[in-house]
Amino acid sequence: AIPLVIAISTEQAARAGVLIKNRMALERMRTVDVVLFDKTGTLTTGEPELMDVAVAEGVDPDELLALAAAVESDSEHPVARAIVRAARDRNLVVPAAGSFTSLTGRGVRATLDGRTLHVGGPALLRELAAVEPPALAAVTRGWMDRGAAVLHVLDGGRILGAVSLEDAVRPESRQAVAALQNRGVKVAMVTGDARQVARAVAADLRIDEVFAEVLPADKDKKVAELQARGLKVAMVGDGVNDSPALARAEVGIAIGAGTDVAMESAGVVLAGNDPRAVLSMVDLSRASYRKMW
Ligand code: ADP
Ligand code: MG
């Protein structure tokens, strides 16, 4: 039979928006040393907005945005939706691209009028060994220093320009991080975004440790790294990318608006998008399991 205290705390958890799928997860939460949050869609709203467009010499900004939207038109990634939305808001004519290919953790590729176009982040630039014109580099560095995400648009190996996107930090994230730290729990963050972007968000939230430019397949390795230091890890994530990390952590917590895949590998699902629910879990776990002894 389920011990009464556990039955009660599972019900209390549900009331706090925390769905316990694996009861061990709630018990283990009491012993967790570090909570590792995925940044995008977890600590931030996950709905980036297009802020700026910058171009290489001889490229028209509207044309750059239209091309970017054409390449992104088939992608479900939030940055893709923001680019398509921005092009639509500016009433741009978006040409029809083809042969859409998603390059996991890096960007997307498509063809248009015999050209191969790419849109993507820092990992893509490295992979294509693309050289950014100095004037453009100065602009995009400024964006990154401000914490914006930068995506470059390329035609073959040539950089045509870049767009900046900003993904606002959830106000609740600030409270969640501070309160976890007050309870003696370390807070870390993992993201595929550029180092500068990650650093700006981490500084804003006063996060203890940051893993940036982490490819999706490597997120679970960061969990393992923390574990190798003797730390018990709770991982909070939303995306398909986060599933192996959720599965590897002592406690895997999928955030509510996330994908079904992430939900399956998690021991806990948060009903909403509020990171403070993680705090409720720590408190419930500590209170419930104290009562047993
Ligand atoms: P995260 O959840 O941290 O954003 P992802 O693996 O989804 O991690 O993406 C990692 C990085 O790859 C993004 O920050 C972005 O730079 C790039 N990227 C992924 N998908 C796209 C896309 N559709 N268009 C452009 N860039 C993309
Ligand atoms: Mg994600």
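Start by selecting ligand 1 and its shell: by class, this shell has seven nonpolar, eleven polar and four charged residues. Here Ala, Val, Leu, Ile, Met, Phe, Trp, Tyr, Cys and Pro count as nonpolar, Asp, Glu, Lys and Arg as charged, and the others, Gly among them, as polar. Keep in mind that this is a predicted model, where local features need pLDDT of at least 70, side-chain atom pairs count only at pLDDT 80 or more, and totals for chains, interfaces and linings use all residues. To find your way, residues are numbered from 1 along each chain as its sequence is written, while chains are lettered from A and ligands numbered from 1 in the order in which they are written.

Which residues come nearest to ligand 1? Pick out S75, H77, G107, G121 and G192, from the 22 residues around the ligand (a residue is near a molecule if its C-beta atom, placed from the backbone, lies within 6 Å of it). Helices (H or I, at least four residues) and strands (E, at least two) are DSSP runs, numbered from the N terminus.

Next, colour by domain: domain 1 is 4-45 + 168-291 and domain 2 is 49-166, with bounds from an automatic or database domain assignment. Their C-alpha centres lie 31 Å apart. The contact between them takes eleven residues from domain 1 and 13 residues from domain 2 (in contact means C-beta atoms, placed from the backbone, within 7 Å). Each domain also gives at least three residues to the shell around ligand 1.

Move on to helix α10 (residues 219-228) and select K219, D220, K222, V223 and L226, its buried residues. Buried means that 20 or more other C-beta atoms lie within 10 Å of the residue's own, with C-beta atoms placed from the backbone. Why are they on the same side of α10? Because they cover an arc of only 155 degrees around the axis, taken from the directions from the helix axis to the C-beta atoms. Among the elements covering them are β2 (34-38) and α11 (243-248).

Last stop: strand β12 (residues 251-254). V251 and I253 point one way, G252 and A254 the other, and all are buried. Click on I253: its bridge partner V236 is your way into β11, which pairs with β12 in the parallel sense over four bridges (strands pair if DSSP finds at least two bridges between them). I253 also stands opposite V268 in β13.

Notes
Buried ≥ 20, exposed ≤ 12 C-beta atoms within 10 Å, placed from the backbone. Contact = placed C-beta atoms within 7 Å.
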